[in-house]
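Subject: Handover of a structure and notes on its helix packing

Dear colleague,

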Amino acid sequence: MNELFDGILLGLGVCVPFGPVNILILSYALKTFKNAFSLGLGAFVADLLYLFVLSFGVLEFIKNDLFLDILSVFGSLFLIYLAYLMLKPVKNIDIKNNLEKTNVFLNFIKGFFINLANPYVITFWLSVASLLSTKQNPFYLFIGLSFSIFIWIFSLSFFVYKYTDFFSVKVLRIINILSALILVYFAVTLVLGRFL
């Protein structure tokens with residue numbers, strides 16, 4: 001039971017701080033629940049993939065500096081592109097009719113690639129894989145971790161979408177702009193963190 005509780009706490013520690021995925025979930029949830037949730041689910045699947053791969057000892061490839069440099073540049077460009085997409089429709093926000101036209105599957109892929117192209121995510125899961133190997137019941141730690149991440153993604157998507165009516169057009173514009181700026185910040189720090 002201790003491992004399960006540790007996993008839940010670790011999962012909350014990972015997903016509660018507002019990084020690129022949470023910022024996008026927040027912005028998408030202002031329009032539709034399913035697009036926000038599918039994006040979060042895509043990021044979650046990328047997390048599980050990294051954990052699975054790292055648990056089987058595929059560490060040397062991940063630790064390669066050139067690989068992490070390329071991943072940082074790719075991840076940074078991807079975040080800048082997403083920020084651009086968030087700023088693009090700012091002029092035409094309509095709370096009632098502005099349902100995101102993109103496909104749920106495409107949002108899933110978007111979330112998947114955000115986490116897949118983030119070296120910080122790799123580093124985190126590398127440490128979790130090491131932690132799992134030291135536990136007597138690593139399965140319970142994994143279950144607790146997965147449970148808390150999934151619940152966070154669902155809750156953030158659901159509650160923001162549920163209370164969208166409290167947001168005016170002006171507030172939605174400000175949220176889009178701030179979210180885009182935060183994504184650009186993460187994109188810049190991703191590159192600077194690797195190369196400076």
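Overall fold

Please bear in mind throughout that this is a predicted model. The secondary structure of the protein consists of 9 helices and 0 strands, and in sequence order the elements read α-α-α-α-α-α-α-α-α. The protein has 196 residues, of which 41% count as buried. Among contacts with a separation of 6 or more, 88% are between residues 24 or more positions apart.

Nonpolar core

The largest nonpolar core comprises 46 residues, and Leu24, Trp125 and Leu183 are those with the most contacts inside it. At least two residues of this core come from each of α2 (20-29), α3, α5 (65-87), α6, α7 (119-134), α8 (138-162) and α9 (169-195). Helix α3 gives the most, with 9 residues. Leucine 24 itself touches Leu39, Leu82, Met86, Ile114 and Leu183, leaving aside residues up to four places away in sequence.

The axes of α3 (residues 33-55) and α6 (residues 104-116) come within 7 Å and cross at roughly 40 degrees. That angle makes α3 oblique to α6, and the crossing of the two is right-handed. On the α3 side, the residues that meet α6 are Lys34, Asn35, Ser38, Leu39, Leu41, Gly42, Ala43, Val45, Ala46, Asp47, Leu49 and Tyr50. Their counterparts in α6 are Val104, Asn107, Phe108, Lys110, Gly111, Phe112, Asn115 and Leu116. By class, the residues of this contact divide into 11 nonpolar, 6 polar and 3 charged.

With α8, the axis of α3 comes within 8 Å and the crossing angle is roughly 165 degrees. This makes α3 roughly antiparallel to α8, since the angle is over 145 degrees. The crossing of α3 and α8 is right-handed. In α3, the residues involved are Phe33, Ala36, Phe37, Gly40, Leu41, Phe44, Asp47, Leu48 and Leu51. In α8, they are Phe142, Leu145, Ser146, Ile149, Phe150, Ile153, Phe154, Ser157, Phe158 and Tyr161. The contact of α3 with α8 has 15 nonpolar, 3 polar and 1 charged residues. Leu41 and Asp47 of α3 are listed in the contact with α6 and also in the contact with α8.

Helix α1 against α8

The axes of α1 (residues 2-15) and α8 come within 6 Å and cross at roughly 40 degrees. Helix α1 is therefore oblique to α8, and α1 passes α8 in a right-handed crossing. From α1, Glu3, Leu4, Asp6, Gly7, Ile8, Leu10, Gly11, Leu12 and Cys15 take part. They meet Tyr140, Leu141, Ile143, Gly144, Leu145, Phe147, Ser148, Ile149 and Trp152 in α8. The residues of this contact comprise 12 nonpolar, 4 polar and 2 charged.

Single residues

Leucine 49 is found in helix α3. With a relative accessible area of 38%, leucine 49 is partly exposed. Apart from residues up to four places away in sequence, leucine 49 touches Phe112 and Leu116, both of which are listed on the α6 side of the contact with α3. The C-alpha atoms of leucine 49 and tryptophan 125 are separated by 9.7 Å, although the two are 76 residues apart along the chain.

Valine 14 lies in helix α1 and counts as partly exposed at 27% relative accessibility. From C-alpha to C-alpha, valine 14 and valine 121 are 9.4 Å apart in space, while 107 residues apart in sequence.

Serine 155 has its place in helix α8 and is partly exposed, with a relative accessible area of 22%. Its C-alpha atom is separated by 9.0 Å from that of phenylalanine 37, which is 118 residues apart from serine 155 along the chain.

With kind regards

Definitions and conventions:
Residues are numbered from 1 along each chain as its sequence is written. This is a predicted model: local features need pLDDT of at least 70, side-chain atom pairs count only at pLDDT 80 or more; totals for chains, interfaces and linings use all residues. Side-chain values use heavy atoms; hydrogens and water are left out. Axes are lines fitted to C-alpha atoms, for helices over the stretch in contact, and angles run from 0 to 180 degrees between N-to-C directions. Helices (H or I, at least four residues) and strands (E, at least two) are DSSP runs, numbered from the N terminus. Angles under 35 degrees count as roughly parallel, over 145 as roughly antiparallel, 65 to 115 as roughly perpendicular and the rest as oblique. A crossing is left-handed if the near helix is turned anticlockwise from the far one by less than a right angle, and right-handed if clockwise. Contact means heavy atoms within 4.5 Å. Ala, Val, Leu, Ile, Met, Phe, Trp, Tyr, Cys and Pro count as nonpolar, Asp, Glu, Lys and Arg as charged, and the others, Gly among them, as polar. A nonpolar core is a set of buried Ala, Val, Leu, Ile, Met, Phe, Trp, Tyr and Cys residues joined through side-chain atoms within 4.5 Å. Buried means under 20% relative accessible area, exposed over 50%, partly exposed in between (1.4 Å probe, protein chains only).
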